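I opened my notebook to this structure and wrote down what I looked up, entry by entry. Come along and look with me.

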Amino acid sequence: MAVAPVAAAQTGVRSDSIRVSQPDAYVMSLERSFDDAAGEVDVPVEYRDVTVEGVVVSVRTRRTGDELDALLIDAEPIADALQGRFEMNESTLTYHRHQDGAVITMDFADGDVRSNGVLVGKLPSFEPIEKAGVWLGPNAIAVLTGTVVNQGLDGELIYALDKRLRPEFDLDVWVNGRPVDTFGNEARTVGPVLLVPLGPVAEALGHELRVEPGFVTVVRSQDSAVIKLDLASGLVSVNNTPRLVTPNMSFSDRNQLLLPFSAVETLTGTHITVTPGSNRIDISLDDRLGDAGLPGDAVSSGIGNTPLTPEALSYQLSDRGPVMAQFSSRVDRVNSRLTYESAGGMESRRELEPSWLSLDVQSLDGWVGSAGDYSERHRELSGVDVSRIRGLSYREQLDDGTLVAVAGGSTLTGTERLSDTASKPEFGGFAAGVRVLGADGSQELGASMKSLDGGETSAFVLSGQKVLDQNGKEGVLQSAYVSADVGHFDTKIGSGLDIRGRGQARYRITDQINAAITAYHVGEKFTASATDSAFQGVFDNRVGARTGGSVSTDWRSAKSWGLLQYVAVGARASVTHIGGSNDITAQSLVMSVSTRIGRDGPGVSIDIDQTRKEETDGVTDTTSVRARVFQRFDWGIVQASYDSQPAANTAEQAVVAVQGNPFRKSLGEGAYVSLAPSATLARTDGYTSLRVGASAAFSSGSRLGDKLTVDGQMSALPSVNPDDNDTRYFANLRARYLINKNTELTASYFDDLQGRNDLSVALRGTIAFNEPRQHALPLEDRGALTGTVFVDLNRDGIRQEIEPGVPGARLSVRGTRLSLATDRDGNFMIQNIKEGVSVISVSRQSLPLGYMVSDGQLSTATITSGRRTNVEIPIVMSGQVRGAVFVDMDGDGKAGPEDQRLEGQAIQLIDASTSKVSEAASASFGQYGFENLSAGKYRLRVMIGWQEFNVDVELADDDLLKVVPIAVPPALMGMEPPVDAALPDEIAAAA
């Protein structure tokens, strides 16, 4: 029973828009923001239970009136339950959604809602205010968090994640555009937390991974940083300096290094996203340089010869952290960007040696290049397993859309330690590669080589891959992937050809049953090459060729089984053969079950892995069991786990972790203090430990003024055992002072209260010299399409001065992949369209609510080589009639708590001028809606048995939105109204 059908905002590059629901009498929207200590309003606070993903959460609520749409909720507990977080900056409220990494913003000044910076809609019926807050209407919370809000039979609100944000069973891990084999250590979800295997990800990125009891360390290839994670407390240290605590570590599988995705992101320097509605986890390197991509969407009229023109200088000066500077400029037909990042801070001259130095250039003619440090963006060097070079890169998009990328230079071979907190990368040998990517991204071909030890060791590899994605289309086959590498290796101890290949197909058997088949082979020379990028001694210690495959299937129930809800069952059978001196064949069968017990009960998942390993010296059979239970109460979270893995370092482990909800006290103006208790009981291989502690946090908000903000946190997990001094502490204090709009001074202090601490001060800012140039000349036989999407107030198809542009409207050229969103003034430009007639379509979902493309006004445009074609696309307000149908027990004509909502009730809309009849069924809470209506008179009709009840409504050109309650008299339902109820005259007459 959805109060507001809200489509979830998708992840950054794959998302175009979300749909923000149109309001009616029972859809709540943002009204205004409150603060406990502000003293500006006198509205009583009531606590109310809200169900979030099956868990009851107690939230504070306020009412500004008697209607349901006057309900306001403190949204922070709901965000906490969904593992998201809010940020406030002046009039903007930002929500970081952990399920897919999306960043959703809401502007309290104008009601705009954006997903990853893209305007996706507006919240209607709101009052503009200057400062953002977390007191929101239920529908606003749903929009931000990617949920659907329902109302139960007893009136409680129920939030459930949009199904597209629920990761599927049997998740695949893709790193930089290629799938990686996790060798049975599959990614999975436990409660609201996504767990990702660290080992395969670090290996695919070329990072060095070190494991020691209680800790894991990654030496990142792209910046040489040494990142250490305390597996017990989640404390992260960067170059031996404590920096932060990563959340949800109690959910991790420490034996398998199956860690919360946020911890994997921090350790590997990546972004992790789940493609909504799919089983794919995408992991990509965090590109500190941004995307010096191919020409953008906006074209300026200032194309031509340009003298050297500085655009901006961004900088960071820090005593402890890296010193950074980025200078952008333009000259003639080239945009450029010079980037520098030091190995350490300003404490010593040696630490100012560059860990990254590059010059990126972008030509107006469409090509992009770089000199200096480069992390491969288009898998130019993936055939020889090189991820970073110091050299040159070049890429260009051809007329048919094909992208050609070339890179070459000295390869990253290790790091040189400069101090306890700084190291710089070392390079040696040579690697080069070229990659040709198809226009639609489904096909790639490439060649790459590397040479080390003065040319005595080398490799040359030809690569190709093909991706088939049905994008949810009808059919059993949903996706397929195949890649192949053929290489020749030449070393001091031998040479020869080798191959590497992988194929995968995914099937949707029914709506509830999915299946996948995977096969792969990695030759021994490829295996050895990937083991050590420098080739030193790897063939003496090779592990041999690796061949394997798997078949998996999963099933999800369409409905509950008594107390069991969201039941999912999966099975995966795999076999792997590893050659070499110790020939190994491993066969594995994994069975997985997950469910939730009752609507408010715990989530349970169980994995059983039966493995047989046949080696030269014998056969080993092992059975591993992983069980997880997750339960959220109104006071906090309880998570229990049991792991029995005979083949691991820790054979048996049971953990119970309890995390109390933060006790939070608002101090007004965004300031607060909070305290959250926690306890962890663990039994590992017969040894029992108990830690009981708490975490405290505070923020000054704007209590210290608009320029100064101070916040901090402290966690303490002391051991209860007298003989165990392994107490975990962590504390940090941060202060930020805004010197002006573009400059800020920050100070940070970190301390683990055990001798490791750090105080750092940094000055960050941007000096803007001139507006940046973001444009390119069209390719040969191509033209540019410019224009404006505007609101056609008088519906004449011609734009007048008073008719505003429409920001964020998404346009596309039919038959091509060319698309973009209009800017804040409704203007757009699409470059490099082929000569001829093109048809431009507008995504209706991207338009402001209540608007549509005017009939017959969708434009065709004739494109001429080297010329611009201008079109203006009018949109008009779409007439809408919305409301709810209900039995009006109290006779006031308004839906109140005593009135019975008629769900599933057939409602007809009759056009008085044409007698055309449209029909819809009322949804949850009795809601109904008709749209795409023109001005005119209409009649709403419901049939109660053999009797009809009618309500007339009229839409005018200047009033096209009507909220019309259909208040059915109790007599039509054979019901008696209360004695003191009086029917309004028009309802009494209709009855």
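**Entry: Leu357.** I started with Leu357, which counts as partly exposed because its relative accessibility is 39%; buried means under 20% relative accessible area, exposed over 50%, and partly exposed in between, with a 1.4 Å probe and protein chains only. I found Leu357 in strand 28, residues 354–363. Helices (H or I, at least four residues) and strands (E, at least two) are DSSP runs, numbered from the N terminus. Leu357 also belongs to a nonpolar surface patch with Phe327, Leu338, Leu359, Ile767 and Phe769, together about 490 Å² of accessible area. Such patches take residues with over 30% relative accessible area and no salt bridge, joining nonpolar side chains (Val, Leu, Ile, Met, Phe, Trp, Tyr) within 5 Å and like charges within 9 Å. The areas come from the Shrake-Rupley method with a 1.4 Å probe, and for residues only the protein chains shown count as cover.

**Entry: ground rules.** I noted that this is a predicted model, where local features need pLDDT of at least 70 and side-chain atom pairs count only at pLDDT 80 or more, while totals for chains, interfaces and linings use all residues. Residues are numbered from 1 along each chain as its sequence is written, and side-chain values use heavy atoms, leaving out hydrogens and water.

**Entry: the whole protein.** I looked up six helices and 68 strands. Of the 991 residues, 50% count as buried. The accessible surface comes to about 44,700 Å², and 53% of that belongs to carbon and sulfur atoms.

**Entry: Met714.** Met714 lies in strand 48, residues 708–717. With a relative accessible area of 40%, Met714 is partly exposed. Leaving aside residues up to four places away in sequence, Met714 touches Ala694, Ser695, Ala696, Phe730, Ala731 and Leu753; contact means heavy atoms within 4.5 Å.

**Entry: aromatic pairs.** How many aromatic pairs does the count come to? I get five aromatic pairs, where rings of Phe, Tyr and Trp (its six-membered ring) pair if their centres lie within 6.5 Å, and planes under 30 degrees apart count as stacked, over 60 as edge-to-face and the rest as tilted. Phe489 and Phe526 make an edge-to-face pair, 5.1 Å centre to centre with 85° between the planes. This pair links distant parts of the chain, with Phe489 in strand 35 (residues 477–491) and Phe526 in helix 5 (residues 524–531), 37 residues apart. Phe489 and Phe526 are both buried.

**Entry: salt bridges.** I get 22 salt bridges, each a side-chain nitrogen of Lys or Arg within 4 Å of a carboxyl oxygen of Asp or Glu. Asp485 bridges to Arg500, with the closest N and O atoms 3.1 Å apart. Here strand 35 holds Asp485 and strand 36 (residues 494–508) holds Arg500, 15 residues apart. Is this pair, Asp485 and Arg500, buried or exposed? Both Asp485 and Arg500 are buried.

I then turned to Asp952 and Arg939, whose side chains meet in a salt bridge at 2.7 Å, N to O. Asp952 lies in strand 66 (residues 947–955) and Arg939 in strand 65 (residues 936–944), so the pair ties together parts 13 residues apart in sequence. Asp952 is exposed, at 53% relative accessible area, and Arg939 is partly exposed, at 32%.
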